[in-house]
Amino acid sequence: MNIPQISDIDTALRTFYQYPEIGTREIMELFATCSKSTVSRLKRLAHNRMVEDDVYSHSLYKVHTGSAYKAWGIDIEDLERRRNKLRKLQL
């Protein structure tokens, strides 16, 4: 499955650190050009990763943020380095 591009670095970082579990609203905010069917597929990928990681969600309609980011290939450390570099360059 093709993973959509994140809307921006700050949104990805804020979502990761603010929400232990994310649902449809947060996923649609994370990926700006994302339909509900794509959100459903992304959640399915995240649920499969949660099973691999042996992590459980407290809500039926939400996924664990850490497992979701791993499933979608979003590297938080890389995003933090990039954001810090942008701030250093004042861009």
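Leu-86 sits in helix H5, which covers residues 76-88; helices here are DSSP runs of H or I with at least four residues, strands are E runs of at least two, and both are numbered from the N terminus. This is a predicted model, so local features need pLDDT of at least 70 and side-chain atom pairs count only at pLDDT 80 or more, while totals for chains, interfaces and linings use all residues. Residues are numbered from 1 along each chain as its sequence is written, and side-chain values use heavy atoms, with hydrogens and water left out.

Back to Leu-86: with a relative accessible area of 37%, Leu-86 is partly exposed, a label for anything between buried (under 20%) and exposed (over 50%), using a 1.4 Å probe and protein chains only. Together with Leu-89 and Leu-91, Leu-86 makes a nonpolar surface patch of about 320 Å². Patches take residues with over 30% relative accessible area and no salt bridge, joining nonpolar side chains (Val, Leu, Ile, Met, Phe, Trp, Tyr) within 5 Å and like charges within 9 Å. The areas themselves come from the Shrake-Rupley method with a 1.4 Å probe, and for residues only the protein chains shown count as cover.

Now look at what H5 packs against. Helix H1 (residues 9-18) meets H5 at an angle of about 130 degrees, their axes 10 Å apart. That makes H1 oblique to H5, since under 35 degrees is roughly parallel, over 145 roughly antiparallel, 65 to 115 roughly perpendicular and the rest oblique. Axes are lines fitted to C-alpha atoms, for helices over the stretch in contact, and the angles run from 0 to 180 degrees between N-to-C directions. The H1 and H5 crossing is left-handed, meaning that the near helix is turned anticlockwise from the far one by less than a right angle; clockwise would be right-handed.

Asp-10 belongs to H1 and Arg-83 to H5, so the pair ties together parts that are 73 residues apart in sequence. Both partners are partly exposed, Asp-10 at 42% and Arg-83 at 24%. For a salt bridge, a side-chain nitrogen of Lys or Arg has to lie within 4 Å of a carboxyl oxygen of Asp or Glu, and the structure holds seven of them.

Elsewhere, salt bridges that share partners join Arg-49, Asp-53 and Lys-70 into one network. Then there's Glu-26, bridged to Arg-25 at 2.9 Å between the closest N and O atoms. Glu-26 is buried at 5%, whereas Arg-25 is exposed at 57%.

The other helix pair is H3 with H4 (residues 65-72), packed at about 110 degrees with axes 8 Å apart. That makes H3 roughly perpendicular to H4, and H3 passes H4 in a right-handed crossing.

Finally, the loops. Thr-33 is in the loop between helix H2 (24-30) and H3, exposed at 71%. Thr-33 and His-47 are 14 residues apart in sequence and 21 Å apart in space, C-alpha to C-alpha. Asp-54 lies in the loop between H3 (36-53) and strand S2 (63-64), and is exposed at 54%. Its phi is near 60 degrees, a positive value in a residue other than glycine.
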